[in-house]
Amino acid sequence: MSTRVRWLGHACVLVESDGNNILMDPFLTGNPKAAVKASEVPADFILISHGHGDHVGDAIDIAKRTGATVVANYEISEWLKAQGLEKVHGMQHGGGFGFDFGRLKLTLAFHGSVLPDGTYGGNPAGLHLFLKDGAKIYNAADTGLFGDMKLIGEAGIDLAILPIGDNYTMGPDDALRAVKLLQPKKVLPIHYDTWDLIAQNAAAWAECVKTETAALPVILQPGEWVTVK
Ligand code: NI
Ligand code: MN
């Protein structure tokens with residue numbers, strides 16, 4: 001019944017919890033670091049943080065193949081319906097809902113969210129999961145640093161998933177400050193090294209996290225797992 005997380009490359013993360021496969025930001029086709037193919041990844045739920053192509057990715061194809069319920073902000077959920085998906089669930093910032101896997105709350109994120117065809121995609125979100133075994137995961141998704149991460153951290157985070165790529169999101173320095181605000185038990189960096197533009201030294205960042213915070217940094221290669229609790 002434990003919860004574990006598999007990084008599938010870039011911002012794509014699979015959470016396996018209590019028999020549920022929760023796939024976040026499934027950009028696999030065209031992702032040079034993808035660890036699996038869109039045609040083989042399991043999903044009972046697909047969570048989309050915002051409308052950009054490197055996050056919506058293969059969500060529609062995977063949902064059609066697996067029958068997964070897709071959860072996103074309301075604007076993206078309406079767009080997904082217009083693409084032919086029926087099992088979609090729209091939410092907004094600050095709202096939570098109890099799904100089969102546990103509770104999901106959408107949090108603030110500072111970023112954009114336009115959809116691949118130019119449709120307005122609402123506001124970008126972070127994904128805050130409260131799983132049935134008690135594991136708590138906060139995926140900041142694409143965002144800059146913001147002070148309210150301190151509030152998010154008050155829930156008690158077992159695993160924080162943070163971008164460190166810079167340019168489009170927090171870079172390593174701000175991600176280190178985010179760890180200090182969130183105070184998670186473990187932290188997994190993502191959204192780096194996919195392309196040269198967001199190349200980072202994750203090992204060096206992990207050393208800073210170890211030295212300056214109480215969190216345990218977990219550096220994965222795409223395809224590798226980490227146990228959340
Ligand atoms: Ni983005
Ligand atoms: Mn992105």
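This is a predicted model: local features need pLDDT of at least 70, side-chain atom pairs count only at pLDDT 80 or more; totals for chains, interfaces and linings use all residues.
Residues are numbered from 1 along each chain as its sequence is written, and side-chain values use heavy atoms, with hydrogens and water left out.

**View 1. Protein donors of the nickel ion (ligand 1)**. His50 (NE2), His52 (ND1), His111 (NE2) and Asp142 (OD) lie 2.2 to 2.3 Å from the nickel ion (ligand 1), where donors are N, O and S atoms within 2.8 Å of the metal (3.2 Å for Na, K and Ca), and because water is not among the atoms, sites may look incomplete. Along the chain these donors follow the spacing H-x1-H-x58-H-x30-D.

**View 2. The manganese ion (ligand 2) and the bridging Asp142**. The protein donors here are Asp54 (OD), His55 (NE2), Asp142 (OD) and His191 (NE2), at 2.1 to 2.2 Å from the manganese ion (ligand 2), and their spacing along the chain is D-H-x86-D-x48-H. Asp142 bridges this ion and the nickel ion (ligand 1), the two lying 3.1 Å apart. Asp54 and His55 are both buried (under 20% relative accessible area, with exposed being over 50% and partly exposed in between; 1.4 Å probe, protein chains only).

**View 3. A nonpolar surface patch made by Tyr168, Trp195 and Leu197**. The patch covers about 320 Å², and Tyr168, which is partly exposed with a relative accessible area of 46%, is found in the loop between strand E11 (159-163) and helix H5 (172-182). Helices (H or I, at least four residues) and strands (E, at least two) are DSSP runs, numbered from the N terminus, and accessible areas come from the Shrake-Rupley method with a 1.4 Å probe, with only the protein chains shown counting as cover for residues.

Conventions
Chains are lettered from A and ligands numbered from 1 in the order in which they are written. Patches are made of residues with over 30% relative accessible area and no salt bridge: like charges are joined within 9 Å, nonpolar side chains (Val, Leu, Ile, Met, Phe, Trp, Tyr) within 5 Å. A salt bridge is a side-chain nitrogen of Lys or Arg within 4 Å of a carboxyl oxygen of Asp or Glu.
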